[in-house]
Amino acid sequence: MKLSNFFLSTTKEAPAEAEIVSHQLMMRAGMIKKLGAGIYTWMPLGVRVLRKVENIVREEMNAAGAVELLMPVIQPAELWQESGRWDKMGPEMMRIKDRHDRDFIVQPTSEEVITDIARQELRSWRQLPKNFYHIQTKFRDERRPRFGVMRSREFIMKDAYSFDVDKDGLMKSYQIMYDAYARIFTRLGLEFRAVNADTGNIGGFASHEFQVLAESGEDVIAYAPDSDFAANLEMAEGVAPVAPRAAASKALELVHTPGQKTCEDVGTFLKLPLERQLKAMMYMSDSGFVLCMLRADHMVNEIKLGKVPALANYRPATAEEIEAHLGVEPGYCGPVPRHGNAHPDKVIVVADRTAAAMADFVCGANESGYHVTGGNWGRDCPEPDVVADIRSVVDGDASPDGKGVLKLRRGIEVGHVFALGQAYSAKLGAKFLDKDQKEQVMEMGCYGIGITRVVAAAIEQNHDEKGIIWPQAMAPFAVVIAALGYDRSAEVKAEADSLYASLSASGVDVALDDRGERPGVMFAELELIGIPHRITIGDRGLKEGMVEYQARRDTAATKVPLAEIAAFVARALA
RNA sequence: CGGGGCGUAGCGCAGCCCGGUAGCGCGCCUGGUUUGGGACCAGGAUGUCGAAGGUUCGAAUCCUUUCGCCCCGACCA
């Protein structure tokens, strides 16, 4: 591609609305243009990157035995009513009507359509397993689109759907996709982690998210640097402390703590670290009033809470309910009964594993303006009714697999594999005849990659103060020839043209900057748009028979004899 | 949806409090000088001041309504 023929539109300044670096750089590099909230045009430069990502995804999906098709963006409501998602999906799903006033949706995903295809086309066990995928535009009317294409309403997703005869088959298909995803993100040159994810309420039984590690990520993942353990914060298990609970060494004491309602206040007031305090969280559930106790520096994890039987259908308790059950306002609540105030018989105490292992703790005294110090389970209050993992793990916690300690990092979810089971196939009646001529419901898996989001995530991970630094596999051009004075120097023009021709002929994805821009402008732009390899040809070097090579991450250029540059570049690209 | 903020030239912004006929930087156009790190000189073009209504002799500025956009907030590729 000759850049004089291409279309570049870069700017020095980023629009004020761009908050994160990938959004700013994509706007500055002229990769995308906003058309509305969460709706973007992909400009020529951006499309080249998108296609690179798509092609790698496509190659690996095909290599993994998945077959490509293309399902419609606009889908009739009937299928979605049949699966129940027409009612379940809420305003995130875009609904439209045609001229006959019939209902349609703009697909946020395609389980319904693919399952409809499966139930019509796949009728014998001999046809299974099968994995279909497409790369298609999605629309989700996000309550808050943001960060450019990172969370846009319209985006491009690769979604694949596997169909198997049984759970064993499904788990094999799942593993094949898991491995394919690992290869895809490795080939794309991204630093990522596959993390164990919550299967949520869809009823599936295995799920992993592929997270690109980046500080700007919206998700938090916990992983063990010394092992392959990695999980979503919601999923990472907070293991019980190894050491048994210390024996009580202090007497229970009531201390006056007027106005000290938060753990931080109390800690400062009593000059005690948060690790010595218990904090109380009050909920109402199907079982009644529940008092949850955690170490004060830990955060309650609401997904884990929901998995504790005593907290089925929980919701935060109101101030009135807290007053009624504990006899005290929030801020002074705790498990230690106080005569005339506490009502331990009506209160279910759920303690986090760490909290349950604490001795000589500080907590609310169930009396306004008072805390207790030297509190101990069993001695000063009953042992907790339930001990469970109800907190989010923190940096330095023991890894659940017993290998080292956990670290927390932020991530951007770029892929998700999900063993769905029969959630859709049962509803839509996707059945087949097995070897014994018995009708069986298919086992499904679904597997998504946010193509457009991958592009943004790659920039979050690969940039510097000058601009984007593309991983070679997804660069809009692998190599650029920066011809200095192309419009003025016959020698430069001749050598640049000939190098461009020979690299092109050998299949290198090369761009020739033949625009005759001033060197400063040219270098700044090429660095901003992040071309990983640059060959600079100028009169100055040509006098000595030399050109220069500089990788985007290099701090200085390397002089290379003109005659050797093609071979040099071939090695750099390898 | 709740809270906060913003709509002025292609982009980034000032002007608004305190009404008086719209300005700066970048970009763009013309000519010249330049040409190894976003050049310099001279000249030039560009706005229904988001929209509608109101107050006023007069509105970018004050009032009302409305639309759009951004940021913060527990369902996601």
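Predicted model: local features only at pLDDT ≥ 70, side-chain atom pairs only at ≥ 80, totals over all residues.
Local features here need pLDDT of at least 70, side-chain atom pairs count only at pLDDT 80 or more, and totals for chains, interfaces and linings use all residues. Residues are numbered from 1 along each chain as its sequence is written.

**Exercise 1.** Work out at what angle helices H2 and H6 pack, and which residues make the contact.

*Solution.* 
- Start by finding H2 at residues 44–63 and H6 at residues 167–187; helices are DSSP runs (H or I, at least four residues) and strands are too (E, at least two), numbered from the N terminus.
- Their angle is about 150 degrees and their axes lie 9 Å apart; axes are lines fitted to C-alpha atoms, for helices over the stretch in contact, and angles run from 0 to 180 degrees between N-to-C directions.
- So H2 is roughly antiparallel to H6 (angles over 145 degrees count as that).
- Now list the contact (heavy atoms within 4.5 Å): H2 brings Ile56, Val57, Glu59, Glu60 and Met61, while H6 brings Met177, Ala180, Tyr181, Arg183, Ile184 and Arg187.

**Exercise 2.** Find the strand order of the open sheet of 5 strands, and its edges.

*Solution.* 
- Read the order as E16-E14-E15-E17-E20, with mixed pairing; two strands pair if DSSP finds at least two bridges between them.
- The edges are E16 (315–316) and E20 (386–388), each pairing on one side only.
- Next, look at E17 (residues 347–352): 3 bridges join E17 to E20, and the two run parallel.
- Alanine 351 sits opposite valine 387 in E20.
- Finally, spot helix H9 (residues 319–326), lying across E14, E15, E16 and E17, at about 90 degrees to E15.

Key
Chains lettered and ligands numbered in written order. Heavy atoms only, no water. Parallel < 35°, antiparallel > 145°, perpendicular 65-115°, else oblique.
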